[in-house]
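These are my notebook entries on one chain, written while I had the sequence and the model open side by side. I wanted to go from the overall outline down to single residues.

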Amino acid sequence: MRGPAALLALEDGSAFTGTGFGAQGETFGEAVFNTSMSGYQEVLSDPSYAGQIVAMTSPHQGNYGMNAEDPESARVQVAGFAVREAARRASSWRAEATLRDSLAASAVVGIEEIDTRRLTLRLREEGAMRAAISTIDLDPSSLVERVRQTSGMAGADLAWTVSVAEPYEAGALVGPARTGPGPVLRIAAYDFGMKRNILRRLAASGFETTVVPADTPAASVVAGGFDGVFLSNGPGDPAATAYGVRATRELLGTLPVFGICLGHQLLGLALGGRTYKMKFGHRGVNQPVKNLRTGVVEITSHNHGFAVDAEGWPRDADGVAMTPFGAVEPTHRNLNDGTLEGFRCLDVPAFGVQYHPEAAPGPHDSRYLFEEFRDLIARDGDPS
């Protein structure tokens, strides 16, 4: 059954007429594109996409349906979904619902039968921008004007909107920590928009994880007797996530710290560095990243619109980046655009990467980073 007429409008005046699917109504957010050929359920349920209208560059979405095992959070997180064509049926024995029905049940507005190639090129040329999808307002000039009245992603503090309200033990969700990697280590994981597969990979690497809300004071974590701290991914502008920067700064030098994505950016800010909004960001599962210590090129999973400025710290006479917590060295670079993808502190136990070593969806090239976190804790002292 064909859906209602729908319109996607961008703040630059571009408009795309298509057909609505999922929920009817309208939604506003930042339009971005994702280059993954599969993994749409993980994308839809990734809290890092809160406030964003995600356009998939691969034309056919929904082929294998939706199920209760693969989501990265408890609900669909995207503000809206734009595709060339949404599958009418789910062709997988694992499917429990269709993409269409899942979006409708989550009250998320989608649009299909638009030229997603033209949309992607527009976002690449002009950058991610404010947008709307509507099955109500089909007048391009009207919808564009309303889009221009909304707030953008710069300056948006969104981590608290997707974080948990109370601490919980990850084992209740993903099972107990494995003992194969060595002694089980207890860590606190800040939930700035935590993906479930992060907790799975931590458990597989021998971590017993307590997940804490985004605004948890550092003193509460220190008092918990943990062996280390993990800083998760999440949505929004890292510079606006002041509570995360403050807690990270207070934890540095006290406990070993590992941050990914937003957590990596918060770590950079806590070290006195800078972040900036990228033109269109990195979103997909095929980003080539070079490990500067080994020379190995990893194919990695990404979802971010901000990055740490590699030139954000002063340099000593030898060109080494210096922070209030000592020297920092880059560890990973993106081979497409040269952006900083990872760094580590040389004088305190802390490191971060911009991408997603847990993937989901994506390749497994970077899973070793969870083992490096174990090694970092072991080097910092005899864990309890």
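**Entry 1: a parallel pair of strands**

I began with strand β6 (residues 80–82) and strand β8 (residues 109–112), which run parallel and are joined by 3 bridges; two strands count as paired if DSSP finds at least two bridges between them. Helices (H or I, at least four residues) and strands (E, at least two) are DSSP runs, numbered from the N terminus. Within this pair I found A82 opposite I111 in β8.

Before going on I noted how to read the model: residues are numbered from 1 along each chain as its sequence is written, and side-chain values use heavy atoms, with hydrogens and water left out. The model is predicted, so local features need pLDDT of at least 70 and side-chain atom pairs count only at pLDDT 80 or more, while totals for chains, interfaces and linings use all residues.

**Entry 2: the whole chain**

I looked up the secondary structure and found 11 helices and 20 strands in the chain. The C-alpha atoms fill a box of roughly 65 × 50 × 40 Å, taken along the principal axes. For 384 residues, a compact globule would have a radius of gyration near 21 Å, and the chain agrees with its 21 Å; this radius is taken over C-alpha atoms, and the globule rule is 2.2 Å times the number of residues to the power 0.38.

I also noted that 57% of the 384 residues count as buried, where buried means under 20% relative accessible area, exposed over 50%, and partly exposed in between (1.4 Å probe, protein chains only). Among contacts between residues at least 6 apart in sequence, 75% join residues at least 24 apart, a contact being heavy atoms within 4.5 Å.

**Entry 3: the barrel**

In which order do the strands of the barrel follow each other? I traced 7 strands that close into a barrel in the order β1-β2-β8-β6-β4-β3-β9, with mixed pairing. Neighbouring strands of this sheet are turned by 35 degrees against each other on average, direction ignored; the axes are lines fitted to C-alpha atoms, for helices over the stretch in contact, and angles run from 0 to 180 degrees between N-to-C directions.

β1 and β2 pair in the antiparallel sense over 5 bridges, and A6 stands opposite G18 in β2. Their hairpin has 4 residues between the strands, and there G13 takes a positive phi near 100 degrees. β2 in turn pairs with β8, again in the antiparallel sense, over 4 bridges, and T19 has E112 in β8 as its bridge partner.

**Entry 4: two helices against the strands**

I found helix α3 (residues 116–126) lying across β1, β2, β3, β4, β6 and β9, at about 80 degrees to β3. Helix α4 lies across β1, β2, β3 and β9, at about 45 degrees to β1.

In α4 (residues 140–147), I listed L143, V144 and V147 as buried. Seen down the axis of α4, these buried residues fall within an arc of 100 degrees, so they line one face of the helix; the arc is that of the directions from the helix axis to the C-beta atoms. Their cover includes β1, β3 and β9.

In the loop between β9 and α4 I looked up T135, which counts as buried because its relative accessibility is 15%. Leaving out residues up to four places away in sequence, T135 touches P4, A5, A6, G20, Q24 and G25.

**Entry 5: the nonpolar cores**

A nonpolar core is a set of buried Ala, Val, Leu, Ile, Met, Phe, Trp, Tyr and Cys residues joined through side-chain atoms within 4.5 Å. The largest has 34 residues, and those with the most contacts inside it are Y190, F192, V221, V229, L267, L271 and F343. The largest share of this core, 5 residues, comes from α10. Apart from it lies another core of 22 residues, among them L185, F370, F373 and I377.

How many residues of α10 are buried? I counted 9 of its 9 residues, including H264 and Q265. After α10 comes G272, whose phi is positive, near 90 degrees.
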